[in-house]
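The sequence and the model are shown first, and the description follows.

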Amino acid sequence: MRKRDRLEVIHDILNIISERDNSIKPTPLLRFSNLSSQRFSEYLHELLEKELVREGIDKKKRRYLTLTDKGFRYLERYKTITGFIDDFGL
Amino acid sequence: MPPMMPFHMHNSFVSGIELLYTLIIVIICFMIYFLTKEIYDLTKHKGIKHFRSAFFFFGLAYISSFLVYLFMFSTWTMDMMGPRRSLWMISLVPLSYFSTLAIMNLAYSTAWKDIDENKFIWLAVTVSFIVSLVVLIMHAPMILFLFQVFLLILILISVFRKRSKKMLQMRIMYLLLAAFWIMNLLAIGSSRFLREDVRLIIQASSIIIFSILLYKVIKWVR
């Protein structure tokens, strides 16, 4: 199986959140993202730090993740970004 | 035989062309830098980061090269003959520093997976600083020229080691960009001896290469 690069993994994680009505708990997100728990934690930390996703607490006091405007913008611009990187050999 | 232009008018005309050329290149460089801001902010991709830095530093290098030209030849500074040489030597420092950083960043933008970023930044800043210092202390801009030709040869070797055809095309483009910068450097250094039409060809070619890159950037980020 082809190894996904960092941008692709980020895209996949954001896409999973977006497809689930922009709200998902960390455990199912880990399962759907096909990452080891350690790599998932690293990516989640990066996404929160870059403000692509936001963490919230629901009424039952459970953690959930949601996309920020920047996260949606990433999904919109993903093809442009990867095309740009390929085209310029970066 | 057509009547010759008086020296001061000729000088103003050439300075005007130099200014226009600098403005066009600087605008293109900063446009590339600002147009790629969003995709960098979204990804923090190291290749995009150093690609942007390269054009930012090229912009500053072209501004510096115009200052060098101004202190060397322009009638604008003719009145201050005394400090002119010192000003010219001092203006070579930012020129050396920014242009070396620009070429190194451009090369690194395509090779960031192979070299640790912190090591590269340390190396690029140190090398650029030392080159600038040597140029200033030894009063020898030729050192800058020779060093950048050496850098270009290193890039050339790395370009032809890559097998991907698409990446090869783009790297040749970067190589041309760096090569025309170095020719531009030579054109400034030997302005007294270089024919005006040769200078114009170098300037027009640089503008074409920068414009092609800008066009490609706009095509993606619009």
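Read from the N terminus, chain B has the order of elements α-α-α-α-α-α-α-α. In other words, chain B holds 8 helices and 0 strands. The model described here is a predicted one. Chain B has 222 residues, of which 36% count as buried. Among the contacts in chain B with a separation of 6 or more, 73% are made by residues 24 or more positions apart.

B:Ala102 is part of helix 4 of chain B, which spans residues 81-109. There are 27 other C-beta atoms within 10 Å of B:Ala102, so this residue is buried, the cut-off being 20 or more. Apart from its neighbours within four places in sequence, B:Ala102 is in contact with B:Ala54, B:Phe57, B:Phe58 and B:Ala61. From B:Ala102 to B:Ser128 the distance is 9.7 Å, C-alpha to C-alpha, and the two residues are 26 residues apart in sequence.

The next topic is the contact of the two chains. Chain A contributes 15 residues to the contact and chain B contributes 16. On the side of chain B that touches chain A, at least two residues each come from helix 2 (37-43), helix 3 (46-73), helix 7 (165-189) and helix 8 (196-221) of chain B. By class, the residues on that side of chain B are 8 nonpolar, 5 polar and 3 charged.

Helix 4 of chain A, residues 69-87, takes part in two helix pairs described here, one with helix 8 of chain B and one with helix 1 of chain A, residues 6-19. The table sets out their geometry.

| Helix pair | Axes | Angle | Crossing |
|---|---|---|---|
| Helix 4 of chain A and helix 8 of chain B | within 9 Å | roughly 160° | right-handed |
| Helix 1 of chain A and helix 4 of chain A | 10 Å apart | about 140° | left-handed |

How are helix 4 of chain A and helix 8 of chain B oriented to each other? Their axes cross at roughly 160°, and angles over 145 degrees count as roughly antiparallel; the two helices are therefore roughly antiparallel to each other. From helix 4 of chain A, the residues A:Thr80, A:Gly83, A:Phe84 and A:Asp87 meet B:Lys216, B:Trp220 and B:Val221 of helix 8 of chain B. This contact of the two helices divides into 3 nonpolar, 2 polar and 2 charged residues.

Within chain A, helix 1 and helix 4 pack at an angle of about 140°, which makes helix 1 of chain A oblique to helix 4 of chain A. On the side of helix 1 of chain A, the residues are A:Leu7, A:His11, A:Leu14, A:Asn15 and A:Ser18. They meet A:Gly71, A:Tyr74, A:Leu75, A:Tyr78, A:Ile81 and A:Thr82 in helix 4 of chain A. By class, the contact of helix 1 with helix 4 of chain A has 6 nonpolar, 5 polar and no charged residues.

Chain A also contains strands. Strand 1 (residues 53-57) and strand 2 (residues 63-67) of chain A pair over 5 bridges in the antiparallel sense.

Key. Residues numbered from 1 in each chain as written. Chains lettered and ligands numbered in written order. Predicted model: local features only at pLDDT ≥ 70, side-chain atom pairs only at ≥ 80, totals over all residues. Pairing = 2+ DSSP bridges. Helix = DSSP H or I, 4+ residues; strand = E, 2+ residues; numbered from the N terminus. Contact = placed C-beta atoms within 7 Å. Nonpolar A, V, L, I, M, F, W, Y, C, P; charged D, E, K, R; others polar. Axes fitted to C-alpha atoms, helices over the stretch in contact; angles between N-to-C directions. Parallel < 35°, antiparallel > 145°, perpendicular 65-115°, else oblique. Left-handed = near helix turned anticlockwise from the far one by under 90°. Buried ≥ 20, exposed ≤ 12 C-beta atoms within 10 Å, placed from the backbone.
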